[in-house]
Amino acid sequence: MLEHLDVVTLSRLQFALTALYHFLFVPLTLGLSLLIAIMESVYVMTGREVWRDAVKFWGTLFGINFVMGVATGVTMEFQFGTNWAYYSHYVGDIFGAPLAIEGLMAFFLEATFVGLFFFGWNRLTKVQHLIVTWCVALGSNFSALWILIANAWMSNPVGAKFNPQTMRMELSSFTEVMFNPVAQSKFVHTVSAGYVTGAVFMMSIGAYYILRQRHVQIARRSLTVAASFGLASALSVVVLGDESGYTAGESQKMKIAAIEAMWETEPAPASFTLFGLPDLKSETTKYEVTIPYVLGLIATRSFDKPVEGIKPLVLRNEARIRNGLPAYHWLTEQGGRPNARLPDELEGSMRDAGYALLLKRIRPDIENATPQEIHEAALSTIPDVPVLFWSFRIMVALGFYFIALFAVAFYLSSRRRCGRPWFLRLCMLSLPLPWIAAELGWIVAEYGRQPWIIDGVMPTFLGVSSVPAANVAASLLAFVVFYTALAVVDVGLLIKYVRKGPQGPHEPELEAGALPEAQPAYDASR
Amino acid sequence: MFDYMTLRLIWWGILGLLLVGFAVMDGFDLGVAMLHPFVAKTDVERRVSINAIGPVWEGNQVWFILGGGAAFAAWPPLYAASFSGFYLAMLLVLLGFILRPVAIVFRGKRDGLLWRKVWDWLFFVSGFLPSLLFGVAFGNLLLGAPFHFDASLRFIFEGSLLGLLRPFPLLCGVISVVMIAMQGAAWLAGKSQGALAARARRIGALSALALVAMFLAAGLWIAVGVEGYRIESPVDPAGPSNPFGKEVMRGTGDWLLNYARFPLTALAPAAGLIGALVAAVLLAAGVNRGALLASSVATAGVVTTAGFSMFPFLLPSSSHPGQSLTVWDASSSERTLGLMLVAVIVFLPIVLAYTSWVYYVLRGPVTEAAIEKGDDHYY
């Protein structure tokens, strides 16, 4: 099987694997760091030691998770150079800047203070330590902001212009890159998804303790904090979610059409397909169950604009491929010379040169492509419809489930009834769900913009390094082995420390047999 | 603000600054990791060794990440060429950088003897491997790497992993190892007490002396046995970033031309040699703070020596010298360099300020008593 795998496939596999693996740790870091900061604020305000024990306990789990996030994040940054060298060369002028600023502004903050968070308890005043904790939370959130600005640029490459003298994209407006609408919605969506992950994590472990009647004081407080924080976050994941970004950029149009398995343009008001079986061969979706008006609202925020379907988008892409060929022709003749100047009449064609590059996968001398081959290249702009269709639906369903779960938790905890065993078991069973939703989210976002590494500018297959396939295969294998071993160790340690539970003298155990409800209503401020 | 030529020079300086920052700051983390199984014998000593860098290694590692980010943003062709060209070597460096954090955090989380032994040795690997390979990479930069660009400026590497392991780069690798061992030992000497500190001082002084000897040997080799590169055609320092269209010649000893042209640059190798000698003396005498300072000066001197020797080259091509990457033809656009400079001017002082505060808060040695009492028990 391996001999069929080329450098492109192997590099994509490796990047997908390392990114999805890295993103097992990131959402929890985002959520837990903020939850811990909130709990420590309560500790500083009330002065009650039980909150400090809670912060220390969640801090230990945070640390085990955080270190894996750091270790796997290094790989991400350097993989652009090792595996996607032509991509790095082609867009480093724009894409590198947010990454560097992330290091300078966010990662230094987070990484410098995380050490002090653990080692500073005896060396800092309460307020100083609280500030340190908030710096860690702030740093991780700023990190997410800059990384997502970089990431969103790949889906909606604004503020950039091709320079024929250097044969690469160069920055024309950093404000456009920073205020990219796709980046804004991605940031809000991703960090709130992280908050949900942290809240579900805290709730399900808290539920485990209450069920076992261990560490109940800390568990109940954690549950209360997680329920209210989680409810707000789950609402914002869905309400402020990705939708507002969908209308920006070409790839987002194709992405939303693919997510909807919507082959023809939906006349306004577009309806949302709740269920169906997308069929690639006949280019139709069978057994559709639709909800009228909803898609129009999501995709265009209106009832009077149509949502474009896959087939018309493919036709448009076919025209763009043809339009891009003259610019490509000029570039192969003139480009790369230090004194090259693009003729004015080719400006329009240049905007579509990226589309012409799609033909490279089909034949090297793309200027001689036949109409058939151009059509074939246009068809390659359709992402994997069934995968997107189902990933998106499961993710959204989970999103609504989280709202319901937190709403129940919030209701119960405000009435001090969160000791109900059915509810506690539900919380425990929900533990893996945010990770499933988060990973599916990345599949929708990144797999959904294929075949582009930068939408409309560079096809993914062109971005790779010129390295032997054997090297990429070796590194892929090394990552699989290495990451699997680390995952086993990491999960083992998390379980061990959850079993061990919070340590501290300020945490009276309940008497055996006493149901939490039977206890006098506890004072949440204690 | 500045013209394109000045911006390129400034960014060459910033890249150097980040490399020095990485070598000095993360150097003592890597060094402690490398020395860990040798200087720390008992479990308590090993906890002291890990806790000596425990609170700061994460922040220090950002120098490496930022160096990568800055190369990506300011020198994209260099970033693309060096990372894909040295593919398997970079992979090994990355494995080291994945292993180190987890070894630090995971080792103390279980009690088993085997568990701790395994992580102790993985910790060693995580310090040794990157230290060696960074030196080897620098050696290969000085020799040049076999690569060229096609018409669309796609980078094509013609070498292999084994091709990187030539005698001169291996010497550079060993220089890097002893330099980082010196730095780690100097840090550990100040952060520990008793037998552990004594062992650290001894091994640190020996590493410093080894550094002096090998640094001199490498200098001699560069003077008589290594072909340097020089640009023969006129250069437009404000021209587009395009490695075509220049003429480059090679000649033995050419890497020393800059020292004749700009005599002040000779301060760099001098700092490397004198710093290491002073570090050796101060370590032997037990002056920990002075030794760390001298060792840091030596480290900065060694790194900048390589940079000054090669200027304006960043990555010379041994197979197509004319396509070598230089400061003048491998940078980002003027706009990006200017924008990023603003970010550096705003944020770097803030970073340095809070980093200093953190070091101030954490000052003083890690005591065995504190570890046994459980005060700093996180690791």
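A polar contact here is a pair of N or O atoms within 3.5 Å; within protein, one must be able to donate a hydrogen and the other to accept it, and residues adjacent in sequence count only if both atoms are side-chain atoms. The model is predicted: local features need pLDDT of at least 70, side-chain atom pairs count only at pLDDT 80 or more, and totals for chains, interfaces and linings use all residues. Residues are numbered from 1 along each chain as its sequence is written, chains are lettered from A in the order in which they are written, and side-chain values use heavy atoms, without hydrogens and water.

Reader: How many residue pairs are in polar contact between chain B and chain A?
Author: Contact in general means heavy atoms within 4.5 Å, and 75 residues of chain B are in contact with 79 residues of chain A. With both residues at pLDDT 80 or more, the pairs in polar contact number 23.

Reader: How do the residues on the side of chain B that touches chain A divide into nonpolar, polar and charged?
Author: Ala, Val, Leu, Ile, Met, Phe, Trp, Tyr, Cys and Pro count as nonpolar, Asp, Glu, Lys and Arg as charged, and the others, Gly among them, as polar. On that side of chain B, the division is 51 nonpolar, 16 polar and eight charged.

Reader: What percentage of the residues of chain B count as buried?
Author: Buried means under 20% relative accessible area (1.4 Å probe, protein chains only). The C-alpha trace of chain B spans about 65 × 40 × 35 Å along its principal axes. Of the 379 residues of chain B, the buried share is 61%.

Technical notes:
Buried means under 20% relative accessible area, exposed over 50%, partly exposed in between (1.4 Å probe, protein chains only).
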